[in-house]
Amino acid sequence: MNVAAAQRIAKANRLLSTTLDLSGLDLQRLPPELATLTNLSRLYLSDNRLTTLPDSIGNLTQLTRLYVEGNQLTTLPESIGNLTQLTRLYLNGNRLTSFPDNITKLTNLDLSSNRLTTLPDSIGNLNRLNRLNLEGNQLTTLPESIGNLTQLNQLNLDNNRLTTLPESIGNLTQLTRLYVEGNQLTTLPESIGNLTQLTDIDLNGNHLASEIAAAASRGISAVRDFCRELQTDGMTVRETKLVLVGEGAVGKSSLLAAMLGEAFDEKRITTHGVEVKPLNLSAADDDTIILNAWDFGGQKPYRPTHQFFFTSPAIYIVAWHPRHGADQGCIDEWINLIRHRIGDEARIHIVATHSDPNGQPGDIDRHRLNREHGKCIAGYHWIDSRTGTGIPEVKAAITATAKRLPHLERRLPARWRRLMEELNSSNTSHLNYGSYLEHAARHDIDESSAHSLALVATELGHWCFYPDIPALRSLVVIQGDWLSRAVSFVMDDHDTKSAGGLIPHQRLSALWDNPDRPASERYPDYLHEALRVLMREYQIAYDVRNPDSSEPVSLISQLVPTTEPDLEVWDSYGQHLPQQTYIIRFVDANDRTAIPPGLMNQLITWYHRFSLGRDDHHLSLHWAHGVALDDGYNGRALIRIDGTQVTVTVKAASPNYLCTMIANDICKYLSDWQGLTPTSLVLCGDRCVTPRDRSSGTAAFDLSKLQARRAQGKLEAGCGICYEQIPINALIGDGNRIPTDNPSPENELAVITSRLDGIHRHIIQEGLDTRHHLSKEISSAASKLTGELSESQQSLVGLLSRIYEEHQYFLKLFTDEAVSGPRLFTIEQAESGTWPSKLLKRRFRIRLWCEHSQVPVSLLDQDPKRGVYTVELSREWLVNARPWIAVATRVLRLSADFGPALLNLSFNDEHATLFKDHLDLAEATVKELTSIGDDLLVGAESSTLLLSAQTMTSRGQLKSLHQLLEEKDPNFAGLKRVRDRDRFLWVHPRFAHIYD
């Protein structure tokens, strides 16, 4: 028998106690003497190892509160029903799969973190409950009897598997808090509108239709009002979007016409852009499903515009001509184009048109497609639009797919439907947002509801609305082909093709507002900026600079010249610099080599800020199969598509960073094309030890194997040509990390720390005093990259590149968090003295830094208060955040000495001193946090505090800090969020133009 338990029971018996605490005593069973304590009203059994409660628990008939959380209970004895005075029962953190139906007087019941899959109907008998916590179970439904709990004011259903809530929940009119986060809800019961006392609702982490999610984002009143309107003026809509894509002249329009019941037209006109038609399908339950079918032209010039209209949920048809073959039909390319924009939620039917009359299917590798694209493939079909063969089967299959979509059936306010029908029947191609709101107001639809309707209409395939693109959020596009036609005018323009894709904005305006075209095909001047932004956002074009003219010019990346230009400017660059070459090969599941579609166009667009012609587009060096880049002291790169592989060559004082960045970006782009796998090879180049050819060594090493060898502590790799052992670091440098999709910040921060230590040791060994008197030498070295660098300058430039790599990699760890706020700041203590052990919070100064220049906003603006905020931070937050606070400060300490000089930023002595002081204060704070360490948490009174410290990640700390700062300054001191390739940076306004 547990001695401590026996002593406490004996003492309670002797004193006739009404309270007994046996928590945390590692009990596996309860002592039988416990049953004699019939005076007990409160019993604490938490945090033991109990697997069951004895029947004798029923003897404690005076119990009003029973705490058994944190045990291993799988069942409860029937005798628990004898506890007729029990009002509070805490069973959270056990293994219960069922709940007894004979406890009726409870006011508080906590069953969270158990294994319940269902609740008995008898749960409705607990009609005195005020609080019910069912969080963290496996519930898929709730019984209608839950509506009998009319005294309930808090209901927690977080993190279950609920797909619906019962309508009876509307009977809980005393409910003030309802938590349903992390379930699988697609809709809400309309009876939610009855819950007039509800002040807090959490619907995050569900699969709610956009109209409900939009209401939830505006708060409980909006949710309640929306549900109430559905009760009085709601209508059921069974509707979704159907998208038909494929190569030109494969018969997409004829397929759609056949499904519409139209006669076959031998002379059907080729589709240009997109046509939209409604397709009515009869389901087995006699309810009609409407598919708004978007029929896209398959010609190459129109393909970039398709992605404007890919949405989810939707059904996609990829059509191909079996006589031309699956490869010529570009089936993989079309599937990947859809998945690139939609993800694995896409549902794709692959339809072979012009089916053989003898029933012989075309040659298509279904097993490979299924293996590579998994659940995205909804079916394969063979049809003949001329005879109608296979059309009924296609319609039936599409109907079945539609019925499985999560939001096929929606309840919408009838007034929303009336507005949609009004605009769809008009000849209006588009509306500015203000005019759209005026139309909505005439239907008694307020602004927030009108915004939700625009989102819903986009999902259903009626309109196009882009609220996340600033220049486009002022438009509601009623006719989709209006957008694609605008881009096709540019892609088809002979002058633009002849100019290698360069088009002055004046020419764009002339194309879009051509008086020779009918009014429906003209785009007035006020729309031109929005159209240019649309092309930039979807990476069709970007702006270039022409120093000889004030007129802005754009480059259409798909129209760059096909002929390779003279590469003398590349050949003559940095002949004295080290050179690094990677070869990236791509193979499909059948080991066939291939090049990802549109790869070079994407790279030209992604890297436009590194273009040789970023200041003068005449100096640009790019063509359909290659591009040359310049990243300052990080070197120059030449990227070429050579047959079925991509070659990346970098010349730099330290070429590994730029070479690796490009290779990783190519692999990142490839990740959207699931059918291809990359292999990266490293050429030995001038690291070759073979005397016969030191300058252009041809031995190729598998990059992943080199990295694996180094991870195992091996320093050399054997060459298969000269059979010599070559140092791995000589091949790939001491950087070159293996890219991961979701790196753990805690692990990766340790890697950065180790590498920063190495850089610091190098600085000491080389005798480099990284202070501002080096500015002239740094600037001189940076300007001489095209000429001859001294040995010391080359060492210095290589050092800069290594520091910059750590800075970039640190930011990359928090790529997702950059969506909501900046990542680069230092923390300084705002109060002197040691931290008292009982003090939970303390004041600190947060100082924001520009992520481009690595300079504080306060110095860039010469305003000591700019971007500096005093906030209260809790001790557990600081303990969790200290790894990345320390790394950020160390990165800034190294890079801040060089960054201003490289950007030609001049600071006077006073500012230079301030610069140093800021970093000194930040480093002092880091030392303080490190010395305090985990003992900050020792003696913490709250168990949730300790749990938080163990489970919260650095990413979580950053998000919470963003919220704190946003409350003080929603503009983050004027920092601009810009896009750098596929990620965001927060930069000072003076540098924002670099990323345009």
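**View 1. Glu-190 and Arg-411 meet through their side chains in a salt bridge, 2.6 Å from N to O.** A salt bridge here is a side-chain nitrogen of Lys or Arg within 4 Å of a carboxyl oxygen of Asp or Glu. The pair links distant parts of the chain, 221 residues apart. Glu-190 sits in the loop between β8 (177–179) and β9 (200–202), and Arg-411 in strand β16 (residues 409–413). Helices (H or I, at least four residues) and strands (E, at least two) are DSSP runs, numbered from the N terminus. Glu-190 is buried, at 15% relative accessible area. Arg-411 is partly exposed, at 29%. Buried means under 20% relative accessible area, exposed over 50%, and partly exposed in between (1.4 Å probe, protein chains only). The model is predicted: local features need pLDDT of at least 70, side-chain atom pairs count only at pLDDT 80 or more, and totals for chains, interfaces and linings use all residues. Residues are numbered from 1 along each chain as its sequence is written, and side-chain values use heavy atoms, with hydrogens and water left out.

**View 2. Arg-415 forms a salt bridge with Glu-229.** The closest N and O atoms are 2.7 Å apart. Arg-415 lies in helix α9 and Glu-229 in helix α3, so the pair ties together parts 186 residues apart in sequence. Arg-415 is partly exposed, at 23% relative accessible area. Glu-229 counts as buried, at 17%.

**View 3. Arg-417 and Glu-239 are salt-bridged, 2.6 Å from N to O.** Arg-417 belongs to helix α9, and Glu-239 to strand β10 (residues 234–246). The two are 178 residues apart. Both residues are buried.

**View 4. The largest nonpolar core has 92 residues.** Such a core is a set of buried Ala, Val, Leu, Ile, Met, Phe, Trp, Tyr and Cys residues joined through side-chain atoms within 4.5 Å. Leu-43, Leu-66, Leu-178 and Tyr-436 touch the most other members. Elements giving two or more residues to this core include α1 (3–15), α2 (210–217) and α3 (220–233). Leaving aside neighbours within four places in sequence, Leu-178 is in contact (heavy atoms within 4.5 Å) with residues including Leu-155, Leu-157, Ile-169 and Ile-192.

**View 5. Helices α10 and α11 cross at roughly 110 degrees, their axes coming within 10 Å.** That makes α10 roughly perpendicular to α11. Axes are lines fitted to C-alpha atoms, for helices over the stretch in contact, and angles run from 0 to 180 degrees between N-to-C directions. Roughly perpendicular covers 65 to 115 degrees; under 35 is roughly parallel, over 145 roughly antiparallel, and the rest oblique. Tyr-433, Tyr-436, Leu-437 and Ala-440 in α10 meet Glu-447, Ala-450, His-451, Leu-453 and Ala-454 in α11.

**View 6. Helix α17 (residues 599–606) is largely enclosed by the rest of the structure, because 8 of its 8 residues are buried.** Among them are Leu-599, Met-600, Asn-601 and Trp-606.

**View 7. Ser-113 and Phe-972 each have a positive phi.** Phi is near 55 degrees at Ser-113 and near 50 degrees at Phe-972. Most residues other than glycine have a negative phi. Ser-113 lies in the loop between β5 (108–110) and β6 (131–133). Ser-113 is partly exposed, at 43% relative accessibility. Phe-972 is found in the loop between α29 (954–968) and β35 (976–980). Phe-972 is buried, at 3%.
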